[in-house]
Amino acid sequence: MAKKRALVLGGGAPNFTLMSGALLALHHAKMEFDHIYMAGAGAVVGLVYMSPKQPLTPEQALLNTMNYGISDLIYSMVPINYKLFSKGGPSAAAFRDYWTNLPPIQAAMNQYGMNDSQKLASDWLLFNGAMICPAEMNCFSKGMCAHMPFIDNVVDFDKLKNAKPEYYLNAYCIEDGECVEFKKPDLDVHHFRAAMSFPFIYPPYRIGTKHYYEGAAVDSLNLIDLMDELDSKGHVDEVVVLDVMKPDLIHRPRNLWDAYAQSIIVPLVANAEKELAMFLHWVDTGHVVKLPGKNVSPRMQALLANQHHPAPPSLTAATLRFDDFIPAQHKPFMLDWSKSNLEILFDAGYRAGKHFVNIH
């Protein structure tokens, strides 16, 4: 019987192209996955791979993630990703409905196959739209941005339910006080937006009577859900974790905006490091341990108490690491949304993925 393999795509920010580059290398090596566990930015990578918007193929969709950044000339003056982070409020939504249906704007939003000059011209056009879009944020607002309007342009949610792998995306439910799992075939654009609603950037997202924040803010790699669902029989034999949430992301800020990015990434890195260590210990020994400083959710409490829930003895895990493939002088810039950063990280991710394939 063929072994079943799971892929873990955890949280991130602009460094998410490390994951898309690595996943393309695994795709080129014809490595297939039966289960994909996602959290935060990893969900963007996983979804565009499993169900890209036509006419892009999965390979082209992964390559296209580099175009989610801002052309360097514009970014050097306005270091904000106005393509992914949009103004919130009814007036802004009405403006976007009109603006994004204009043929020149639709062309500018789909930059796969463009050269650098065309991308710069397209980004400049989109920048002007972001500037004239009305804003309604005030002291009573629950968040700064609309819930990721761009995702409709890159993921086909109607076809997602037909994707081959089983997939899982975590979100933090405010009313339940813990992370919950959105699974196939229930995951739609609303569940995606709920699972990406990072505090302050986005308001809590409502589904039914409950409200959600980004799951990666609590469980950065979604490994606790994987541990919770595996039993002694095991529905997965091999786990591949793309380990992008590393201390390399933490640095002395260059300016106030970079300091804001650091305020977000520092706790995510800390959570991811502890979560991964706990998971690898569980795989190696079969037992769950609580690491110092790691908050214990109700689901984690159940795992700690339920020591007859050991790791399946045949389970193996491998982490795909990127540290050695990122130029040392570039590491302070890994949280920039510039196109050059996304391209450098994509290339590093692809090379790390090829190395992983060779040694495994």
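The model is predicted, with local features needing pLDDT of at least 70, side-chain atom pairs counting only at pLDDT 80 or more, and totals for chains, interfaces and linings using all residues. Residues are numbered from 1 along each chain as its sequence is written, and side-chain values use heavy atoms, leaving out hydrogens and water.

**Exercise 1. Describe how helix 1 packs against helix 13.**

Step 1. Locate the pair: helix 1 covers residues 17–28 and helix 13 covers residues 339–359. Helices here are DSSP runs of H or I with at least four residues, strands are runs of E with at least two, and both are numbered from the N terminus.

Step 2. Take the geometry. The axes lie 6 Å apart at an angle of about 40°. That angle makes helix 1 oblique to helix 13 (under 35 degrees is roughly parallel, over 145 roughly antiparallel, 65 to 115 roughly perpendicular, and the rest oblique). Axes are lines fitted to C-alpha atoms over the stretch in contact, with angles from 0 to 180 degrees between N-to-C directions.

Step 3. List the partners. Among them are T17, L18 and S20 in helix 1, and L342, L345 and F346 in helix 13; contact means heavy atoms within 4.5 Å.

Step 4. Sort the contact by class: twelve nonpolar, six polar and one charged. Ala, Val, Leu, Ile, Met, Phe, Trp, Tyr, Cys and Pro count as nonpolar, Asp, Glu, Lys and Arg as charged, and the others, Gly among them, as polar.

**Exercise 2. Characterise the second largest pocket.**

Step 1. Its volume is about 250 Å³, the space filled by probe spheres set on grid points joined across faces, edges and corners. A pocket is an open set of points on a 1 Å grid where a 1.4 Å probe fits, with protein on both sides within 12 Å along at least five of seven lines; lining residues have an atom within 4 Å of a point.

Step 2. The lining includes H27, K30, Y49 and P58. By class, the lining has seven nonpolar, one polar and three charged residues.
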